[in-house]
Structures are given as C-alpha cells and as structure tokens.
Amino acid sequence: MFTNKPQTVLLSIRMALSLAIASSLLLILLATAIVSIFWLWPSFARARLRRSGFDGPRPSFPWGNLMEMSKKVDGHCLSNTIGHSIHSTVFPYFASWRKSFGKVFIYWLGTEPFLYVADPEFLKKVAIGPLGKKWGKPNVFKHDRKPMFGKGLIMVEGDSWTHHRHIIAPAFSMTNLNVMIGMMLESTTNMLDDWSRQVASGRPEIDVEEGIIRNAAEIIAKTSFGINQENGKLVFEKLQTMQKMLFKTHRLVGVPLGRMLSPRQSYEAWKLGREIDDLLIAIINSRRENPGKQDLLGLLLAGNEEKAENERRLTSRDLVDECKTFFFGGHETTGLAVTWTLLLLALHPEWQTALRTEVAEVSDGQPLTSDMLSKLTKMGWVLQEVLRLYSPAPNVQRQAREDVVVDDVVVPKGTNMWIDVVGMHHDRELWGDDADEFRPERFKESLTGGCKHRMGFLPFGFGGRICIGRNLTTMEYKIVLSLVLRSETLQAYGSRMMELSKRIIELLLDCLGGNLGSKYYESEFSNCHGYLRINSYAPLEEMEAGEVEGLGMHTDMSCITILYQDEVGGLQVRAKNGEWKEIGCDDGVLVVNVGDLLQAWSNGKLRSSQHRVVLRKTRSRLSLAFFWCFEDEKVVWAPEEMVEKERVYKPFLCADYLKFKVISEKGRFDKVKYTIDDFAMTDGTTYNLDGK
Ligand code: HEM
Ligand SMILES: O=C(O)CCC(=O)C(=O)O
Ligand SMILES: [Fe+2]
C-alpha cells in the first residue's frame, strides 16, 4: 500500500503539468482568436474602407466611437422655444462628423464598422436595384431584437424574406384593412371617453402621449391577433411589459462581449418571450380549429390554406414571430406620429382649423368610412410633414452580405450601413431653406414634398423592404386624428357659445316687445365678445354639516352668461323673496344668467341673477362659465324703449365697470358682491343720449 504512493504523486504532478500546458495553449489560442476577431479584423476592414476612400472619426479599441457618441448634449436642447431643427440636438455626433467628413463616412460601434449615409444619390447607387439583394440586416442588432421580432419579416433575409413577404403582403391590402376600421374606431372612442372621465374627475393634466401610444398598441393587437379572448389580452399585456423592459436596457452595441454585461435582463426578456410565444401558439391552434376571423392573423392563416400542398406555408412558429413583429413594428411608430401631430397642430392653429373643417366637411358627423378617409387630403399632407420632421423611424440599417462594388467604390462584405433618415429629412440642400419649418402644403404638389431627390424622403424605408404597414398606419392615423379633432375642444365650445349667445339675446329682446331683437342686435350687440372660465372646485376632505362655500354670492358682469355644471351640482340662484333655489344639473342642460351689463342696458327690466355655489360632496366639481360681454370701449346706455319712467343707470364705459368689479371687495357667502347698482345707479341727474 505504502510502496505505491510515490508513483501516484508523480502521476498526478505529470497530469497537472500537461493540463496546465493544455489550458495555457487554449488560452493563447483564445486570446489570438479574440485579438484577430476583435482587433485585427477591424483593422483590416478599416484599411480596406480607407482604400475605397471612406474617411471618418478615429476609432479606439474596443469602443470604436461610442465614447464620443455617449457624451451629453450641451444646453441648447433646453431652450424654451420650439423649433423643428432637431438633427443636431438628437444626433450631435453625426452633425459634427458631417461637418468634417461630409454625408458619407465610416464610424465604429465597438469593433463594428458603420457606413453613415445621408446622401440620397449614394444610397440609390449602392442599395437600389439588383444591388439591393446584397444587403441584409446588421448581425449586431439581431440578438437584441430577437425577443421582439424573432424571425419575423423585419429580420429575415434572402429567399426567406421573399417567401414571407409574398404571403404577408395580401393581408395588408386595402380591402382587408377596411374591415379593421371598426376596431380602430372602438379603441379610439374608448380613449377619448377615458380622457373625458379624467377631466371630469378633476385631473389637472392628462398624459396624452401615453394614451395615444396605449391606444395604438391596443389597435395593433386587435388588428393582429385579437384581444377579446383571454389569451389575447394576456399576450397584449405581456408584450407591453416586454416593450418597457427592452426600452430600459442599454447595451454597448458592437463592443466585444458587451452583451454579457446585462445577463439578467437578457434572461428575463428571453423568459417573457417564451411565455408570449406559448400563448400565441395557443391562439393560433384555436384559430386553426375555428377559422374565419378577419384580423391579420386570420388573413395569414387563410392565405396559408390557399397554398397548394407542395408550396411552402408559414409555420406556427413563423406566425408567432409575425404577430410580434406587427406589434413591435407598428404601434409605437404610429403612436408617435399622432402625438407629434397633436403638438404641431397646437403650435399651428391654422392647420388645426383646416383639418377640423376638412373632417367636418368630409364626414358630416357620420361614422367614418374608408371612402371618407381617402378624401382627407390635407390630413394626408400633415401626416407626411410630421413623418418628415419627426420621423418615428429615424434611421434604417443594413449590412453587406457580400462586397458591394459601384464604379471604383467597394463596400466590403460585413460593413454595416446606417442611413440617417432624420439627417436627410432636415437637409436644406434637399428641401430648401424652409427644411426645418412645418409646411404641410409642400406635399400638395408632389408626393415627395418637393425634395430634390426621390431617395431623400424615406419615412417608411425604401425598395422592396418598404414598410408593409404603411397603409394600416395611414388609416389608423386618420381615424384617431379625426376623432380627436371632432371631439369638442374648448375653442369649438367657445364658438358654439358665441352663436348661442346671439340667438338668446335676440329672443330676449323680442320678448321685451316690438321686435327689439332685430332692431338692436346689429347696432348694440354685434361687437360683443365672449370668454370662457373653467371653474374647478376641490373636493371636501370630509362631509361637513351645513353649507360649505364653493363660490360666494355674486352677480356676473356679463350681458349674459351660459353655464355648464357637471353632475356634482350645487349651483343656487336667489329668488325675489330671498330664498335660495337649487338649479338642477341634468346632463345636457345649460343655465343662462342675465348679467350686470344687460341689467344696465335694459334699464333694470332684465335682472342680473344673484347666484352662488355650495359644496356638499367629497368629489371635485367642474363648471364652464361662458361670459358674453359688450366690447370694453362701449358706453352702456339704455335705449328709449327701455325707459318707462326714469333712467335707473347713468351711462358708463364698459371698461370702467370691469375695473370696478375687479378691485372692489370680495363678496361673502351670505352677502352679494358689489353690483351694477353700486356703480352706476343715478342720483337723479338727467343725461343726454350720447351719455353727456
Ligand atoms: C408611422 C408608422 C410606421 C413607420 C414610420 C414605419 C417605418 C418602417 C420602416 C422605415 C421600415 C423599413 C425598415 C428597414 O428597411 O430596415 C419598416 C418596415 C416594416 N414595417 Fe413599418 N412603420 C410604421 C408602421 C408599421 C405598421 C403599422 C406595421 C404593421 C402592422 C409595420 C410593419 C413593418 C414590417 C413588417 C416591416 C418589414 C418589411 C420588410 O422588411 O419587408 N410598420 N417600417
Ligand atoms: O361654478 C358654477 O356653477 C358657477 C360659476 C359662476 O357663477 C361664475 O363663474 O361666475
Ligand atoms: Fe357667476
């Protein structure tokens, strides 16, 4: 037993030695491989690119140019004014490299070379026609995008892409899309109802972007695979979680082993992806058993069935990836286009009015149809202009699958291409000096908005790989925007109140006898102006005994006031005997008050109402008070027909009374504020008609 021991020890030393040698060799090999893959290959590639005449900023190992790209932008993006010249703010590094290297140059993401292109003519030469087939999608992004797109249409290449595109394209035909209008109307109406509820419950702000993007997500989920069944809803929720998760992760694109820096997120995204896939497979299986639904999935399944036995069909796995692709490729892009549009229309009220008028003329208050949508021409121009200025797909990327040779230029196999769509959309050389201005009318004359080069306007990409969802997007955009524009805005509410005030005053004057309405409207009231006050009352913290003041007793200084109160109620008016009478708050009822100015003008025949608001609920309350008033420079003076015995009020300048109202003491709950009687009651002096 003992005699054997020295031999065993010797053996283990030998084994350990050879193991150490083997592993060092392996390490050396690995290091050589890493150096050649991540250092030598890029150096060769750089030398080849230089030989082809491509210059660019100097990269460093292993970051490439990432360090310069991640530098924070200096202050100019914090300015308060809204300009549309966004390129140098959003992509400051590209803007600065362009100054040194022009519109085509090479930069590096880690050890990956990227050919930056903002020259449409160069793009046309290298990527259009037969050369288009030489380009695929960059491998560096494939891993990150796998949970979203899998092997869906956006990611596949070569024959596989031709096959997928061929089967999927018919599903997006206009006839098929028209069937989806109902789903789009339903979701958008729900979104608008939700906004109304938020306003009514006293929320001071609504996150419009969040609502619009959620609505777009719901629409794309409905039109892709349906969300009414339990599984559909679950998929929708999980897809949204995944979107948020992927949005949070920042990776070092192209940096060797950079992917390993966030293994947890990668794992979680992968796990969630598996759950989504299983649910979608379940939906697809149940659809195969009960076919007939006309969403995109239903159409793809039907298209598959039509294929003859020997033709390739899409597998369930393919269909899962396409559903995910539609969801991730289609909702945020469309949502962003609508959101930017709302901002731009707020900045350009003339376009807001033009589109509102167009929607009113085309639809005449009827439910929207595909025929109406196609007649919304100006809205089409606005969509194009928004896609130009704030492109939801700010760049398009490719990777050369083989050497691309044009004239004396060689783009070596493996080179990535980064097409700076935003850069081209804001290029003055292509669009003219107004490139950064919002001018939708540029699309009136030409489909490319007057861009000097056909490839300079690429909101939906180009060539055979142009976005398959662009008609769906246009349809959804027009529906959402029309419904938003058709819903009552404060401005539209204001103009309706102006019309109503005119009708009320004519009726009121006629009631006083002798067709006074037609006699005096033009000369006395046609310059009246209106303004709208939104009263928001905070809720009571707890129910209190007795009455709590919301708004103290007062009269309005208008000619007439038209008041809308929400369902909380609480408006009271004082009767002649001093009793307070509750004014009901039934839906659709507007309250009309005579104000101080009309009391003075009618020499007291019409009485300005004394009213107040009492609060009784632990809910916030909202009212809209529209005040219709004489112009400030008007001298208020009752016409002869109003004066029976004597004049009650001396003539006064409207503006002076307004000043008096503003500076005089605030009313208390049980005592009325100063009124016209405190300001203009006569002291027996007689006055001429012109107020002297
Ligand atoms: C404003 C809205 C949209 C914009 C700006 C947009 C933009 C783009 C762009 C630029 C491409 C080309 C990408 C490339 O060549 O690498 C593309 C492709 C694609 N888009 Fe869209 N898209 C929008 C809406 C949609 C919608 C609603 C869907 C689906 C329902 C969709 C599905 C796709 C698909 C599947 C592709 C790949 C096409 C192919 O490679 O054959 N997109 N999109
Ligand atoms: O909030 C209300 O119902 C009344 C508002 C009102 O009387 C006013 O704003 O003058
Ligand atoms: Fe009032």
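Which helices and strands each supply at least two residues of the shell around ligand 1? In this predicted model, where local features need pLDDT of at least 70, side-chain atom pairs count only at pLDDT 80 or more and totals for chains, interfaces and linings use all residues, side-chain values use heavy atoms, with hydrogens and water left out. Residues are numbered from 1 along each chain as its sequence is written, while chains are lettered from A and ligands numbered from 1 in the order in which they are written.

The elements in question are α7 (158-168), α14 (316-347) and β4 (395-400), helices being DSSP runs of H or I with at least four residues and strands runs of E with at least two, numbered from the N terminus. The largest share of the shell, six residues, comes from α14. Of the 24 residues around ligand 1, those that come nearest are Lys137, Trp161, Arg165, Arg398 and Cys467, a residue being counted as near if one of its heavy atoms lies within 4 Å of the molecule.

Polar side-chain atoms also approach oxygen atoms of ligand 1: one of Lys137 lies 2.7 Å from such an atom, one of Arg165 likewise lies 2.7 Å from an oxygen atom of the ligand, and for Arg465 the value is 2.9 Å.

Elsewhere, helix α15 (residues 349-363) packs with helix α21 (residues 470-486) at an angle of about 100°, their axes lying 10 Å apart. The contact (heavy atoms within 4.5 Å) is made by Gln352, Leu355, Arg356, Val359 and Ser363 of α15 together with Leu481, Ser482, Leu485 and Arg486 of α21.

Technical notes. Axes fitted to C-alpha atoms, helices over the stretch in contact; angles between N-to-C directions. Polar contact = N/O pair within 3.5 Å; in protein donor to acceptor, adjacent residues only side chain to side chain.
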